[in-house]
Amino acid sequence: MTRTVGVVLFPGSNCELDVMEGIREAGGDARTLWHGDRSVGDVDAVVVPGGFAHGDYLRPGAIARFSPIMSAVEKFAGDGGPVVGICNGFQVLTEAGLLPGALQKNRGLKFLCTSVDLRVETTASVLTSNAEVGAILRIPINHFEGNYTCSARTLAELQADDRIVLRYVDNPNGAVDDIAGICNEGRNVVGLMPHPERASSPLLGSDDGLVLLRSLLSSAAASLNSSG
Amino acid sequence: MRFAVVVEVQLREGVADPQGATIERSLPHLGFDGVSGVRVGKSIRFTIDADDEAGARREVEQLCARFLANPVIEDTEVRVEELVS
């Protein structure tokens, strides 16, 4: 059965169509979730896509987190549903408290738009379940505030609990411990700065992102089975 | 009563401030020597109605904690002053 991914659309989101296309490329179905909605409906997974939600005013994600849809996303995540935040979506999830830490301006103060190599650090997450530990994925980044930071205590927890999902092979933005992506304690909420949807076809220069999108679809199926 | 409020949002001690560092690095090229410790923050100004100054301050502190600053990377400093009508 085809799994449906709900892609949250805020004013200022700009990667939702790419994510939906990537999900379809990976064998799933996708539809948008409007920021003013109070329910995620019957979707099997949620992606908070990249962009500049609410113009990034105040801080990236600071205003978006108060959108009605975010309460529904929080409940969906609390029930074990797979949730992935990409780039600006990662910033929204940290602001919403679904993931620890924060994203600060890149070391070097440059907006970065390039492709980077990522190392898969764990397969125990909804975004990496189909990947292999140690696999190197070539995936684009496109951000100004992508420099992940957190307290020393949080970092120690992330390391001890194997919750650093992806690391940069060559750290582009100054992120602590080369972190490109992390997951929550339940391992069903993942945030990452790189854009797997932009690496979903050889036509785009890489299809290394497909394994991540397929993992999300597999996890969506698994979480449905476990919750009946 | 109405109060004028200024909230200064600053990056916490130890959090890298690339904007401040870039400004500081560029100053000697412009002929300004001896400037150090440049930090860039935000200042947010508004007025608030409250019964007294303590009440206004309480409300503003909550506003800061919930919305105006991200405690993971930012600190706030609040100034509250009664507006005389």
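I took a salt bridge to be a side-chain nitrogen of Lys or Arg within 4 Å of a carboxyl oxygen of Asp or Glu. The model is predicted, so I kept in mind that local features need pLDDT of at least 70 and side-chain atom pairs pLDDT 80 or more, while totals for chains, interfaces and linings use all residues. Residues are numbered from 1 along each chain as its sequence is written, chains are lettered from A in the order in which they are written, and side-chain values use heavy atoms, without hydrogens and water.

Entry 1, salt bridges. I looked up Asp42(A) and found it paired with Arg31(A), the closest N and O atoms being 3.2 Å apart. Asp42(A) lies in the loop between strand 2 and strand 3 of chain A and Arg31(A) in strand 2, so the pair ties together parts 11 residues apart in sequence (strands are DSSP E runs of at least two residues, helices H or I runs of at least four, numbered from the N terminus).

I called a residue buried under 20% relative accessible area, exposed over 50% and partly exposed in between, with a 1.4 Å probe and protein chains only. Asp42(A) is exposed at 62%, and Arg31(A) is partly exposed at 33%.

I next checked Glu95(A) and Arg59(A), whose side chains meet in a salt bridge at 2.8 Å, N to O; Glu95(A) sits in helix 3 and Arg59(A) in the loop between strand 3 and helix 2 of chain A, 36 residues apart. Glu95(A) is buried at 10%, and Arg59(A) is buried at 7%. I also noted that Arg59(A), Glu95(A), Lys42(B) and Glu74(B) are linked in a network of salt bridges.
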